[in-house]
Amino acid sequence: MSKTAQISERTRRALLLAPALIFLAVFFVMPLVDNSARSFIGEDGSFTLARYTAFLTDSFYLGVILETVVLSAAVTVISVVIAYPVAYVLVRKAGRFSGLIIFLLIAPLLTSIIMRTFGWQVLFARRGLINQWLVTDLGLLDTPLRWLNTPGLAIAALVHVLVPFAVLSIASVLQGVDRRLEEGALVLGASRFRTFFEVTLPLTLDGIGTGAILVFMIANGSFVTLVLLGGGFQTLPLLIYQQFNTTRDFALASTMSTILLVIALACLWLQLRLVRRQGA
Amino acid sequence: MRLTDWALWLFTVAFFIFMILPIAVVVVISFTSAGFAAFPIPGWSLKWFARIFEYEPFIDSLWVSLKLAVVATVASCVLGIPAALYLSRSRSGWATTITTFLLSPLSMPMIVIGFASLFFLSWMGFGISFLALAIVHTVICLPYVIRTVAAVYRAVPPAYEEAAMILGASRFRTFQEVTLPLIRPGIAAGSLFSFLTSFDNLPVSYFFGSAQTNTLPVVMLAYMEHQFDPSIAALSTLQLALAVIALVVADRLYGIEKMTVAT
C-alpha cells in the first residue's frame, strides 16, 4: 500500500514538473549551450580557444568588456543612491500617500522602452522643452545645449528604466527592519543620523545588494536605449546587435554573448548567495 | 516637520517628476495637431491616432503582437501552473534548485536568448516563424507565471485542501473547487505580467523579423529610425492605456494587494 502511494507520488511529481523542465531544457538551455559551443568551434570544425584569446588580448575588445561593466556599475550605483531615500519615504513617511507612490513606481514599468526613449528625445531635442526652459524661460544659457547622443543622457535614460526595481527591493527590506532596534539606539542617546548610519543602513545592506545585482544584470543586457539615444558607448550587447545587423560575423557574436552570459551567471550566483543569507 | 523630512519629501517629488515627465510628454504629444513631434504642442487633435490605423505595418504587427502575447501566456500557464503548485508545497533544497532554474530566464540577457534561439530554432527546423517566436516568448514569460502562482499558493494554508480531502473529495475535485479558486488571483497576475512582457518585448523579437513575425515594438523601432513623427507617441499612449486598463480590471477583480503578494 505505502509503496504504491510512494510511486504515485513520484509520478505525480514528474507529471507536474516535467512539462516546464523539459520545455526550458530544450528551448532555453540548449540554445545557450549551442550558441556558446559555436564560439569554441573553428572554421575546420575542431575545438579552438582562438576566438577567446584573440578577444581577450585585443585592447579594443577588452575595452568593450570594461565599458560594459563600468557602464552597468555606474547605472547601478546611481540607481541605488537615488532609490534609497525614495524607498525610505515610501516605507517610513508616506502614510496615506504610499498607495500613490506605489502607483507612480509601477506606472512607468507599464510603458514600453520605445515610449520612454521617445520622451527623452522630445524633452532633450535641440529645440526641446529643457533647452527652452534653460534659454528662454530662465535665461540661464545663451545657446541651447546638445543633450542627445551624450553619455549623460543615455545613463539617465537607463537609470529611468531601472531605478523602480531598486526602489521596490530596498523598500521590501526596509519594511522588515525591526524598528525597536532603531528606537533602542535613539533611547541610548544616538542621534537620528547616527541611528540611521549605524543601525538602519547596515540592516538593509542585503536588500541594497539584491536590488543592485538585479539592476546590474538588466543594465548589462540592455541595448535598445543605447541604440536609440546614442552616447557613444561600445558595450557587448551593442556590439552583438551590430554584428547581427551589419558585420554578420556570427562566431564573434557568439563569443561576445558567451562572455555576457558568464557575467550574468556570476551575478545570478551572487544573488542566490545573498538571498540565502537573508533567508537564514 | 523636521528639516530632513522636508529634504526627503522634496527629493521624492523631484524623483517622480524625473520618472513621469518623459512619459507624460509622450502622452501629450500623441494628441498634437502639429505635423512633427515637439513640445509644447500648438493644438489638440486625434489625427495621429487615426494615422495608426492608416499605416498598415502598425496594424499588421499589432495583430501579430496580440496573438503572440496570448499564445505565450496560455503556454506559460499550461507549463507553469502545475510546476508552481508542486514547488510551492515542497520544502526540500532540491525544489529550491529547480525553482531557481525555472526562474533563471529572467536573469539572462535577453539579447543573448534572442540571438541563441534564432540559430537553434532554425537548426531545429522552426525557422523564422510565428511558432518559433511563440516558443521564445514562452521561455521569457514562463518565469512570471511560475513566480506569481507559487507565491500566492504558498500563502494558502494546506489545511483547506486537507479538509476537502478528509471530507471525501477526490484529488481532482479538491483542485477544482478549493485550490483553483484560491490561486486564481495569482494566475491572473502572472498572466497579466506575462502578457505585458511579451507584448512589450523588443530584444528577443528583434531577431525574428519577417512579415509574419514582425511585432509592434520591432515595427515601431524600424519606423523611428526613419521618421520622428507623433504616430509613435499615439501608439505608445494607446499601449499604455491598454496596460493601465488591464491592471485596473485585474485590481477590481482580485485586488492589487492579493496579486502583489508575489513581489
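A salt bridge is a side-chain nitrogen of Lys or Arg within 4 Å of a carboxyl oxygen of Asp or Glu. The views below show a predicted model.

**View 1. A salt bridge joins B:Asp5 and A:Lys93.** The closest N and O atoms of this pair are 3.1 Å apart. Between chain A and chain B, the count is one salt bridge. Helix 1 (residues 2-39) of chain A gives 21 residues to the side of chain A that touches chain B, the largest share.

View 2. A:Leu110, A:Met115 and A:Phe118 together supply 10% of the area that chain A buries against chain B, more than any other three residues. In this view, 81 residues of chain A are in contact with 76 residues of chain B. Five residue pairs across the interface are in polar contact, counting pairs with both residues at pLDDT 80 or more.

**View 3. Helix 10 of chain A is mostly covered.** The helix comprises residues 205-221, 17 residues in total. From first C-alpha to last, helix 10 reaches 25 Å, close to the 24 Å expected at 1.5 Å a residue. Of its 17 residues, 14 are buried.

**View 4. B:Cys77 is a buried cysteine.** Its relative accessible area is 14%. A disulfide is a covalent bond between the sulfur atoms of two cysteines. The cysteine sulfur closest to that of B:Cys77 belongs to B:Cys141 and lies 9.8 Å away, which is too far for a bond. Over all chains, the count of disulfides is zero.

Terms used
Residues numbered from 1 in each chain as written. Chains lettered and ligands numbered in written order. Predicted model: local features only at pLDDT ≥ 70, side-chain atom pairs only at ≥ 80, totals over all residues. Heavy atoms only, no water. Helix = DSSP H or I, 4+ residues; strand = E, 2+ residues; numbered from the N terminus. Expected span 1.5 Å × (residues − 1). Buried < 20%, exposed > 50% of the residue type's maximum accessible area, 1.4 Å probe, protein only. Disulfide = S-S within 2.5 Å. Contact = heavy atoms within 4.5 Å. Buried area = accessible area lost by both parts, 1.4 Å probe. Polar contact = N/O pair within 3.5 Å; in protein donor to acceptor, adjacent residues only side chain to side chain.
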